[in-house]
Amino acid sequence: MMSRIKETNVSIAIRRAKKALTTMKKKMNKPELKQFLLPKGMISPPGVRGAFVLLLFAFLLSQCNRPEPINQSYFAVEIDVADSLDQTRNRAGFEFLLYSQETQNSVIDTLFIEKTDSMGQIKGTISFDEAGAYPLQISRDGSPILSMRVLLAQGDSVLFTGEFPSIGQTLKVDSREQRAVDVFDRVDAGFTRTRRFIAMGALADTAIVDELRKWANLYEQVYRDYPETFASSFALEAAVQILSDIDQQKMMSLINEGLDNNQSLGLALTFGKDYTSTTNGFDRGVHYLDSLHSLVTNKEQARAIDQMLIELYYDSLRVSEGKNRLERFKRLYEEEDLSFWYKNMRFELEDLAPGTFIPAFSFVSTEGDTIDEESIKGSPTLLEFTLLENRLYQQQYEELTVGYQLFAPRGFKIYTMAFDESTTTILAFFQERDRFWSIAEPPTMNRKSLVETFNIQYYPTRILVDAEGRIIRKFIGEEIDDLIPYLTPHLTSN
């Protein structure tokens, strides 16, 4: 039974990253997604669980920390002024400032600054290090008119046209990159509508797969029609994500094709590794990651793959091998400041790894019982650390309740430690829902100690413990979906 569970474990690390990708896409509209994927000129990208996922996204379009030759784009402006505003139609003085700024507090690096002449024109060349989305500010006489982002790529020509004062509505940007993005946006908007129809049940179940395949083909067409553009990478990612649910062999074909031009390394690290591991087992998953290691071109990418390998060992209950890999990781990157990821993984492998005894803790339950590491022995137990106001926990509560009712007769127990500051929040949560298991009385918990002892970084966090008090597995966020395969071998027979 345990060998089968280990095979189930193999894909958890990848599924974690994959869910992060999906969650991010749901939260962001496409312009924000593009800004996040494009490496340069980016100001405070949206947050994602863990710095590691940021690295995965960076694989899609950037080559981090690698010296590159200066790139150039041709830049032109043609601005008109409505005669109703100025009968002389003075077109001079519109200033276009194009710059790079890594964060809001970092120094601005001016790439281009010029004012329109009397004909409303600007012509010039912009030099930049990396292709990406760069901030542009348009102003006149010191007064800002419009701020936006511009896609810059080697050898491209960017033309701005528009009429003042309604420049916000009339401004058009024409470039090879922008035309490709416009096509992608039209396809993407159509697929968004289709997803909405599917969610509403407006499409017959028998027709869903064919409909999804159609949109995967449309995204693939954008990928092929506009090679070496940002839109091509966006479209490849979208096609792979759809195919991951309906045609994984076709998905792998696209990923492998994209590796030839370095477009799909991030996709290979998530979807490709997931498919390889779940289909062919742990060893093939490790071999697949090692093969990707040979394709990387810089230390940041190699470091990210080494991190994923260690997570794969940890998630597959191969703790000893995971510790060895972590020591090797420390030696390889010892000249750098040890990252949060390293410190977090070291804590997990040394103190909270599957098979180790649960650390000491104590609280008084709602029934007046003292619950600690000794009292929970004798039954498989799930310890929950959460905020009851957490939306994800609220979504999971009903499903977890069903699981508890199903397995409680076979010895399964749950204890919840709610970290909400207000007891009113806790009372309100259970006024709307039935409570089937014990929760900790808030005054009896040392929240700070629990957070440190169990390395709680996200809510909800859960730890499954066997009848002897040994950790079976730690679940973070949506990983609770994987609970049952770990729990059932430890239940008593009916």
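Student: Why are helices H7 and H9 called roughly parallel to each other?

Tutor: The axis of H7 (residues 205–225) and the axis of H9 (residues 248–259) cross at roughly 10°. Angles under 35 degrees count as roughly parallel, over 145 as roughly antiparallel, 65 to 115 as roughly perpendicular and the rest as oblique, so H7 and H9 are roughly parallel. Here, axes are lines fitted to C-alpha atoms, for helices over the stretch in contact, with angles from 0 to 180 degrees between N-to-C directions. This is a predicted model, where local features need pLDDT of at least 70, side-chain atom pairs count only at pLDDT 80 or more, and totals for chains, interfaces and linings use all residues. Residues are numbered from 1 along each chain as its sequence is written, and side-chain values use heavy atoms, leaving out hydrogens and water.

Student: Which residues of H7 and H9 meet?

Tutor: On the H7 side they are Asn-217, Glu-220, Tyr-223 and Arg-224, and on the H9 side Lys-250, Leu-254, Glu-257 and Gly-258. Contact means heavy atoms within 4.5 Å. The two axes come within 13 Å of each other.

Student: How many helices and strands does the protein chain have?

Tutor: There are 18 helices and 15 strands. They are DSSP runs numbered from the N terminus (helices: H or I, at least four residues; strands: E, at least two).

Student: How do you know that the length of helix H13 agrees with its number of residues?

Tutor: The expected span is 1.5 Å times one less than the number of residues. For the 14 residues of H13 (residues 319–332) that should be 20 Å, and the end C-alpha atoms are 20 Å apart, so the two agree. Helix H6 (residues 176–200) can be checked likewise: its 25 residues should span 36 Å, and its end C-alpha atoms are 37 Å apart, which agrees. Just after H6, Gly-201 takes a positive phi of about 80°.

Student: Which residues of H13 are buried, and what puts them on the same side?

Tutor: Val-319, Gly-322, Leu-326 and Phe-329 are the buried ones. They cover an arc of only 70° around the axis, which puts them on the same side of H13. That arc is taken from the directions from the helix axis to the C-beta atoms. An α-helix has 3.6 residues a turn, so residues three or four places apart point the same way. The buried residues of H13 pack against helix H12 (299–315) and helix H14 (340–351), while Ser-320, Asn-324 and Arg-331 are exposed on the other side of H13.

Student: What makes Asp-141 count as exposed?

Tutor: Buried means under 20% relative accessible area, exposed over 50%, and partly exposed in between (1.4 Å probe, protein chains only). Asp-141 has 72% relative accessibility, so it counts as exposed. Asp-141 lies in the loop between strand S5 (132–140) and strand S6 (143–152), and has a positive phi of about 55° although it is not a glycine.

Student: Is Asn-455 buried or exposed?

Tutor: With a relative accessible area of 10%, Asn-455 is buried. Asn-455 also has a positive phi, about 50°, without being a glycine. Its place is in the loop between H17 and S14.

Student: Which proline is found in the loop between helix H17 (447–453) and strand S14 (461–465)?

Tutor: That is Pro-460. The peptide bond from Tyr-459 to Pro-460 is cis, with omega near -10°. The bond from Phe-164 to Pro-165 is cis too, with omega near 15°.
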